[in-house]
Amino acid sequence: MYGGAGVHVSELVKALRPTLDVVVRCFGAQRDEPDVFSYLVPSQLKDANPALATLGVDLQIAQDVGGADIVHSHTWYANGAGHLSSLLHDIPHVVTAHSLEPLRPWKAEQLGGGYRVSSWIEQVAFESADAVIAVSNGMRQDILRCYPKLDESKVSVVYNGIDLTRWKPVNDLDLVRSLGIDPTRPSVVFVGRITRQKGLPYLLRAAKQLPPDVQLVLCAGAPDTPEILADVQAGVAELSAERSGVVWIDRLLTQHELSSVLSVATTFVCPSVYEPLGIVNLEAMACGAAVVGTATGGIPEVVDDGVTGRLVPIEQIQDGTGTPIDPDRFVADLAATLIEVTGDPDTANKYGAAGRERAEKQFGWDRIAVQTRRIYDSLV
């Protein structure tokens with residue numbers, strides 16, 4: 001389980017279970033958890049295009065959903081299962097949108113013709129759903145723009161949340177040092193998958209302008225394609241040849257490890273060109289880190305500019321890629337903002353404290369569960 005959607009499902013299920021019977025049907029190997037059932041790709045499709053392999057899992061899930069009062073799917077991977085379950089078993093289907101295929105055209109690099117299949121699955125599921133949940137107001141606007149046939153009264157906003165008992169400041173300096181990070185030096189920390197939407201190449205360019213004492217810590221893995229991985233490897237190699245303090249951790253960190261890294265960060269950075277909300281921003285805030293994020297998608301609904309961190313302006317080409325109209329300007333603005341925040345640790349600490357407080361007040365999973373349950377109750 002990884003990524004914002006995976007975290008959302010895991011935490012939402014835990015928050016719903018005290019008052020609702022929830023059965024989880026998911027991809028992958030069997031899991032040792034009550035009422036959680038996992039499904040593998042059928043052997044006949046193990047070498048198929050990933051989109052067809054996904055449909056193979058969806059068909060198995062749809063068959064087993066019988067007896068439920070409602071089905072709730074997250075991401076296009078499960079949207080096919082949700083839509084087919086609704087038709088097969090005559091039950092309402094709720095979709096939560098964590099991203100949109102029309103706004104991720106680079107996925108064609110990974111899926112080939114399967115991208116047209118994934119886009120078709122998502123469109124049919126959204127336009128047929130009984131309710132659609134957007135994780136931010138920015139995402140809601142994107143949904144209605146991408147799927148104009150959708151009745152806007154069906155689209156509600158329920159933010160992502162954060163488990164504040166797990167995500168909190170952690171003081172483990174020995175662990176941080178073992179990861180190659182010097183806790184006595186200022187640091188900019190990035191956490192995310194290696195994918196076009198996360199904007200990592202722009203960050204690598206901006207990092208060339210950072211003061212020599214500032215570390216760049218990249219917790220980055222799970223590349224979408226060999227090509228994007230090669231781009232990042234080249235950028236990191238070039239940067240490392242010019243300056244010290246470039247730390248690339250390419251494995252999935254444990255929650256304790258990541259909390260420790262975020263807790264010593266002078267600032268967390270989210271240079272995404274597409275981000276419906278960004279749970280990782282909430283995780284950083286909960287650990288007391290200032291956040292520098294792109295002013296796109298749902299990020300401005302999480303980062304309070306000048307209070308919990310800073311927003312970097314961006315003008316984007318409206319072709320679905322999120323590409324900056326002026327990439328050099330975006331890189332310069334990103335660099336200037338990072339220099340500003342890392343150069344003023346007292347203000348960065350104030351941003352971090354305010355971020356923790358904002359996470360506590362607005363993004364607890366108990367609040368998200370109540371809002372989600374209200375949508376369920378309106379349909380059954």
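**Packing and local geometry of the predicted model**

The buried residues of helix 13 pack against helix 11 (279-286), strand 11 (290-294), strand 12 (309-312) and helix 12 (327-342). Buried here means under 20% relative accessible area, exposed over 50%, and partly exposed in between (1.4 Å probe, protein chains only). Packing is read from contacts, meaning heavy atoms within 4.5 Å. Helices (H or I, at least four residues) and strands (E, at least two) are DSSP runs, numbered from the N terminus. The model is predicted, with local features needing pLDDT of at least 70 and side-chain atom pairs counting only at pLDDT 80 or more, while totals for chains, interfaces and linings use all residues. Residues are numbered from 1 along each chain as its sequence is written, and side-chain values use heavy atoms, with hydrogens and water left out.

Helix 13 covers residues 345-362, 18 residues in total. From first C-alpha to last, helix 13 reaches 25 Å, close to the 26 Å expected at 1.5 Å a residue. That expected span is 1.5 Å times one less than the number of residues. The buried positions of helix 13 are Ala348, Tyr351, Gly352, Ala354, Gly355, Arg356, Arg358 and Ala359.

Helix 8 (residues 200-207) is mostly covered, with 6 of its 8 residues buried. These are Leu200, Tyr202, Leu203, Leu204, Ala206 and Ala207. They pack against strand 7 (187-193), strand 8 (215-221), helix 9 (226-242), strand 10 (267-270) and helix 12.

The protein as a whole contains 14 helices and 12 strands. Its C-alpha trace spans about 60 × 40 × 40 Å along the principal axes. The radius of gyration is 21 Å, which agrees with the value near 21 Å for a compact globule of 380 residues. This radius is taken over C-alpha atoms, and the globule rule is 2.2 Å times the number of residues to the power 0.38. Of the 380 residues, 54% are buried. Among contacts between residues at least 6 apart in sequence, 65% join residues at least 24 apart.

The protein exposes about 16500 Å², and carbon and sulfur atoms supply 52% of this area. Accessible areas come from the Shrake-Rupley method with a 1.4 Å probe; for residues, only the protein chains shown count as cover. There are 32 positive and 47 negative side chains, and the centres of the two sets lie 1 Å apart. Lys and Arg count as positive and Asp and Glu as negative, without His or the chain ends. Each charge is placed at NZ of Lys, CZ of Arg, CG of Asp or CD of Glu.

Individual residues were then examined. Met139 lies in helix 6 (residues 137-146). Met139 is buried, at 1% relative accessible area. Leaving aside residues up to four places away in sequence, Met139 touches Ala97, His98, Ser99, Leu100, Ala134, Tyr274 and Pro276. His98 is 41 residues from Met139 in sequence, and their C-alpha atoms are 8.1 Å apart.

Ser244 sits in the loop between helix 9 and strand 9 (246-249). Ser244 is partly exposed, with a relative accessible area of 43%. Beyond residues up to four places away in sequence, Ser244 touches Arg185 and Pro212.

Two non-glycine residues with positive phi may be noted. Thr75, in helix 3 (residues 75-89), has a phi of about 75°. Ala222, in the loop between strand 8 and helix 9, has a phi of about 50°. Ala222 is partly exposed, at 41% relative accessibility.
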